[in-house]
Structures are given as C-alpha cells and as structure tokens.
Amino acid sequence: MGRLSGEVAIITGSSSGMGEATALLFAKEGAKVVVSDIVEQSGLATVQSIKDAGGEAIFSKTDVSRSEDVEATVQVAVAKYGRLDIIVNCAGIALNEVSTTECTDEVFNRIIATNLNGVWYGMKYAIPEMEKTGGGAIINFASIAALEAYQGLPAYSASKGGVISISRVTAIEFANKNIRVNCVAPGHIATPMLLDAWAEDGLQRFRNIAPQKRLGEPDEVAAVVLFLASNESSHITGQTIVIDGGVTARIP
C-alpha cells in the first residue's frame, strides 16, 4: 500500500520540473493523478511516464489563469475518478520584470493571474468537492521570493507572498472541515525554468549563496509535497515549509 493509495490528486504545472516530479511520486505512492498543464505535449508525456511505471493518470489541459479552465479540470477529475482528495497548485511563471517602476502592466498582471489567481481558483473549485468526501489536502507553491527581497522581481514576489497569505486564511476557514492547506517555498531548484533562464555563471552564484553549495532537485521538493499530502502531516495546516538548502537561514 502506498502512502496515497486510492486517493485522487490534481497537480497543476505537472508537465515538467517540480510539478512533474510530484506527479510521478504521487502515482508511485498509489494516487490517481490528473496531470494539469497548459503544455499538452509535455503533459501527455508525464501521463505516459506514470502509466509506463504502472500508475494511473489522465491529462487535463489547463490555463490556471482562467477560472473556467480550473473549474473544468476539477470536474474532469471528479467525472473520471468520482472524488477529489488532493490538489497541488504548482503552476507558475516568471517573466522579465526589471524593477517595480519599469515593470509593465501586462507583465505584472499576467504573473499575478497565473501565480496567485491560479492558486485561488484551484482552492475555490477543489474545496467543495473535498467537503463532499470529508476532507482533503491542498499544497500551494510559494517561493523564497515571498520571504526575502529579490530585486527585479516585484510581481513574482508579490504573487508568491499572496500565495502564502491566502493559504493561511483558507487553512483557518476550512480546518473544521478536515481540509488542510499548506505551502512549500522552494529556493533555487534545478528545473527547466531555472536552468533555461540562467547561464552557468548565474547558476553558480545560486550554488554559492546556498549553505549546502548546490541547487535543489525537483525530487526533493516532491518528497515534501508528498508528506504534506499524506496522513503523516494530519496535524499540520496553515504552514509554509521552506526548501532552499539553508538560503533563507543564512546571515547576509
């Protein structure tokens, strides 16, 4: 028996990186996984990887910045599997923001729509289905950018700070319904988003500022998400778990 045997999980942003690693791990632990992503080809590849390993999964194309897309994905999960136990709101973007005064309305609003609104929509539509079956677990992806000031990332930082705040509020609102809401705040993780955006000197700088002197791996984040989704964390809600190799604990 896996740690999530018989449970149904939606994982947004699961075509690559931390979302993909989480989808693969959840399926290995017995969950029926709805792979949710805007990138169809990669999302279908994640589903195939799960099936090749003996797991069960389906794909639902989702633009998390669109309320109707997220609502439809929740309904796909319920129609296919009859229930929803877990949602992991991992989907997110990072764009060239420059600075607070130079960031354009378009860039700011697009980042907020995906990174913050997408989390809100995920909770908004998942919670009613979780209430029907007596509870559930929600794990939202924040970032250490919500905890420390990163120059040139005003919208991204605001979006991830908002994720932590709305998660805490929702955790309190639905604690008596056995619905737990927690966040993970990854640091510099070796995902395609990071590796494709930075040259080697930039990646080395991230390694240097981490007390562990390395980038994190998507599997390391997925392991924490699994813990928060499982009954092992049954008395944990409204919390943010930082996964950054000690970056935010250091003295500047």
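How many residues does helix 5 have, and how far does it reach from its first C-alpha to its last? Select residues 154–173: helix 5 has 20 residues and reaches 29 Å, close to the 28 Å expected at 1.5 Å a residue (that is, 1.5 Å times one less than the number of residues). Helices are DSSP runs of H or I, at least four residues, and strands are runs of E, at least two, numbered from the N terminus.

A quick note before moving on: this is a predicted model, with local features needing pLDDT of at least 70 and side-chain atom pairs pLDDT 80 or more, while totals for chains, interfaces and linings use all residues. Residues are numbered from 1 along each chain as its sequence is written, and side-chain values use heavy atoms, leaving out hydrogens and water.

Next, show helix 1 (residues 17–28) with helix 8 (residues 218–229): their axes, lines fitted to C-alpha atoms over the stretch in contact, come within 8 Å and cross at roughly 55°. Residues meeting there (contact is heavy atoms within 4.5 Å) include Met18 and Leu25 from helix 1 and Val221 and Leu226 from helix 8.

Last stop: Val47, in helix 2 (residues 40–52). At 7% relative accessibility, Val47 is buried. Leaving aside residues up to four places away in sequence, Val47 touches Val35, Ala57, Ile58 and Phe59.

Note on methods. Buried means under 20% relative accessible area, exposed over 50%, partly exposed in between (1.4 Å probe, protein chains only). Axes are lines fitted to C-alpha atoms, for helices over the stretch in contact, and angles run from 0 to 180 degrees between N-to-C directions.
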